[in-house]
Amino acid sequence: MSDNNFEHRCAIKFCFRLGHNATETFAKLQQAYGDSVLSRAQVFRWFKAFSEGRESIEDEPRSGRRSVSKTAENAIRVRDLVRSDHRLTPPYSPDLSPCDFFLFPKLKNHLKGHHFETLENIQMAVTDQLKAVPISEFHQCYEEWKKRLQRCVASEGSYFEGDNVEFSDLSTEAQQQIFELYNLKAGLSISYDNRGEQF
């Protein structure tokens with residue numbers, strides 16, 4: 001919290017304790033602080049909180065992302081942990097990203113060697129190329145992506161190259177993980193049997 005916010009909240013609480021209403025409090029803050037005053041909505045929100053019994057002028061702890069500190073000691077601990085088991089943080093693999101193995105190469109091949117004068121020209125060329133991709137190619141890409149994910153799950157995230165892993169060779173647990181990943185990526189909620197058939 002900035003020093004100004006702290007000072008303004010103290011003044012709001014002080015005015016409340018003196019018996020002023022929210023409108024009067026905001027007017028007094030404007031007079032005292034000019035353009036640097038809190039917004040009317042903020043003043044009224046804090047005034048209401050004090051009138052409902054709030055005592056603290058500090059912000060409430062926020063939910064969501066936790067505050068963490070980066071220290072040399074923490075960095076070393078994380079590095080050692082990752083080195084001990086590379087599956088904790090699997091490396092980014094362009095082989096698993098449809099944009100990397102399907103879309104970007106298509107765009108790159110089409111746009112290669114062209115000089116564009118403006119950003120708008122680039123955007124139009126990319127949009128036109130994306131619209132020109134037949135739906136059947138997107139379906140093929142999706143099927144290829146499923147195969148690549150199956151290989152990744154079958155290898156338990158380890159490096160693989162040229163492995164021919166069939167879906168039926170996977171454990172039931174691995175098959176379920178693949179389907180859950182598909183559903184997550186596609187925003188679906190579909191159940192499958194052990195042969196990959198929807199039911």
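Student: Let's start with Phe50. In which helix does Phe50 lie?
Tutor: Happy to. This is a predicted model, with local features read where pLDDT is at least 70. In it, the helix that holds Phe50 is H3.

Student: Is Phe50 buried or exposed?
Tutor: The cut-off for buried is under 20% relative accessible area. Phe50 has a relative accessible area of 3%, so Phe50 counts as buried.

Student: Which residues does Phe50 touch, not counting residues up to four places away in sequence?
Tutor: Contact here means heavy atoms within 4.5 Å. Leaving out residues up to four places away in sequence, Phe50 touches Arg9, Ile12, Lys13, Phe16, Glu55, Ser56 and Ile57.

Student: How many Å apart in space are Phe50 and Arg9, C-alpha to C-alpha?
Tutor: Arg9 is among the residues that Phe50 touches. In sequence the two are 41 residues apart, while C-alpha to C-alpha the distance between Phe50 and Arg9 is 9.8 Å.

Student: Is the crossing of H1 and H3 left-handed or right-handed, and which residues make the contact?
Tutor: H1 passes H3 in a right-handed crossing. From H1, the contact is made by Arg9, Ile12, Lys13 and Phe16. From H3, the residues are Val43, Trp46, Phe47, Phe50 and Ser51.

Student: How do the residues of the contact of H1 with H3 divide by class?
Tutor: Arg9 and Lys13 of H1 are part of this contact, as is Ser51 of H3. Taken by class, the contact of H1 with H3 divides into two charged, one polar and six nonpolar residues.

Student: What about H2 and H3: at what angle do they cross, and is that antiparallel or oblique?
Tutor: Helix H2 spans residues 22-33, and its axis comes within 10 Å of that of H3. The two axes cross at roughly 130°. H2 is therefore oblique to H3.

Student: Which residues make the contact between H2 and H3?
Tutor: The crossing of H2 and H3 is right-handed. On the H2 side, the contact is made by Ala22, Thr23, Thr25, Phe26 and Leu29. On the H3 side, it is made by Arg40, Val43, Phe44 and Phe47.

Student: How many nonpolar, polar and charged residues does the contact of H2 with H3 have?
Tutor: Thr23 and Thr25 of H2 belong to this contact, and so does Arg40 of H3. By class, the contact of H2 with H3 has one charged, two polar and six nonpolar residues.

Student: Where is Gln30 found, and how many Å in space is Gln30 from Arg40?
Tutor: Gln30 is found in helix H2. With 39% relative accessibility, Gln30 counts as partly exposed. Gln30 and Arg40 are ten residues apart in sequence, and their C-alpha to C-alpha distance is 9.5 Å.

Student: And H1 with H2: at what angle do they pack, and which residues meet?
Tutor: The axes of H1 and H2 are 10 Å apart and the angle is about 140°, so H1 and H2 are oblique to each other. H1 passes H2 in a right-handed crossing. Glu7, His8, Ala11, Ile12 and Cys15 in H1 meet Thr25, Lys28, Leu29 and Tyr33 in H2.

Student: Now to another helix. Is Gln129 buried or exposed, and which residues does Gln129 touch?
Tutor: Gln129 has its place in helix H6, residues 119-132. A relative accessible area of 16% means that Gln129 is buried. Not counting residues up to four places away in sequence, Gln129 touches Lys106, Leu107 and His110.

Student: Finally, how many helices and strands does the protein have?
Tutor: Along the sequence, the pattern is α-α-α-α-α-α-α-α. Of the 199 residues, 23% count as buried. The secondary structure comes to zero strands and eight helices.

Note on methods: Residues numbered from 1 in each chain as written. Predicted model: local features only at pLDDT ≥ 70, side-chain atom pairs only at ≥ 80, totals over all residues. Heavy atoms only, no water. Left-handed = near helix turned anticlockwise from the far one by under 90°. Helix = DSSP H or I, 4+ residues; strand = E, 2+ residues; numbered from the N terminus. Nonpolar A, V, L, I, M, F, W, Y, C, P; charged D, E, K, R; others polar. Axes fitted to C-alpha atoms, helices over the stretch in contact; angles between N-to-C directions. Parallel < 35°, antiparallel > 145°, perpendicular 65-115°, else oblique. Buried < 20%, exposed > 50% of the residue type's maximum accessible area, 1.4 Å probe, protein only.
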